[in-house]
Amino acid sequence: MRKNDGAKSTSFGSTTSSSSSDEAASVTTPRTVLPSTKTKPAAVTREEMEAALRKVVSSEDELAEMLAEAGVVLQEITAADEGELKETFAVFDADGDGRISAEELREVLASLGDDRCSVDDCRRMIRGVDTDGDGFVCFKEFTRMMMH
């Protein structure tokens with residue numbers, strides 16, 4: 001089990017400061033790497049969708065057809081989201097080895113204009129999402145972080 005420094009971990013984030021000895025000199029690492037440009041829609045269960053559709057359809061056949069169409073749309077959305085996530089992941093995974101290192105994360109942050117984060121800060125951020133404990137962020141961990 002990893003030691004928790006008392007900091008809340010968020011998307012590649014840390015609420016700890018780089019220096020705890022001098023409050024004026026402390027620098028807070030970013031809470032997220034990418035700005036949120038859209039809000040995440042509320043999840044709807046199949047049962048909730050079915051209950052809502054029952055109010056507007058005239059038959060069980062129509063209900064079944066609409067639920068089937070909704071399933072296709074959801075699969076298309078999921079595929080598009082995965083493609084977008086792969087593209088974003090590739091930005092961070094500079095060497096293409098399938099995992100994001102602290103050094104790679106540091107380079108992306110620097111390219112976005114954040115020169116305050118050190119490699120150690122990036123290691124702390126990675127620990128917040130690194131579920132297998134290998135010190136890197138794989139695509140599965142990246143996806144989980146981005147979707148939650």
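Which residues are linked in a network of salt bridges? I began my notes with that, keeping in mind that the model is predicted. The answer I found is a trio: E50, R54 and E60 are joined in such a network.

Next I wanted the overall tally. I got eight salt bridges for the structure, and I then went through some of the pairs by name.

**Entry: D120 and R123.** I looked up this pair and found a salt bridge, with 2.9 Å between the closest N and O atoms. I also checked where the two residues sit. Both belong to helix α4, which covers residues 119-127, and because D120 and R123 are three residues apart there, about one helical turn separates them.

**Entry: R99 and D97.** Here I found the side chains meeting in a salt bridge, at 3.3 Å from N to O. I wrote down 32% relative accessibility for R99, which makes this arginine partly exposed. D97 comes out at 39%, so I filed this aspartate as partly exposed as well.

**Entry: D114 and R116.** My last pair also forms a salt bridge through its side chains, with an N to O distance of 3.5 Å. R116 is exposed, with 54% relative accessible area, since exposed means over 50%.

Note on methods: Residues numbered from 1 in each chain as written. Predicted model: local features only at pLDDT ≥ 70, side-chain atom pairs only at ≥ 80, totals over all residues. Heavy atoms only, no water. Salt bridge = Lys/Arg side-chain N within 4 Å of Asp/Glu carboxyl O. Buried < 20%, exposed > 50% of the residue type's maximum accessible area, 1.4 Å probe, protein only. Helix = DSSP H or I, 4+ residues; strand = E, 2+ residues; numbered from the N terminus.
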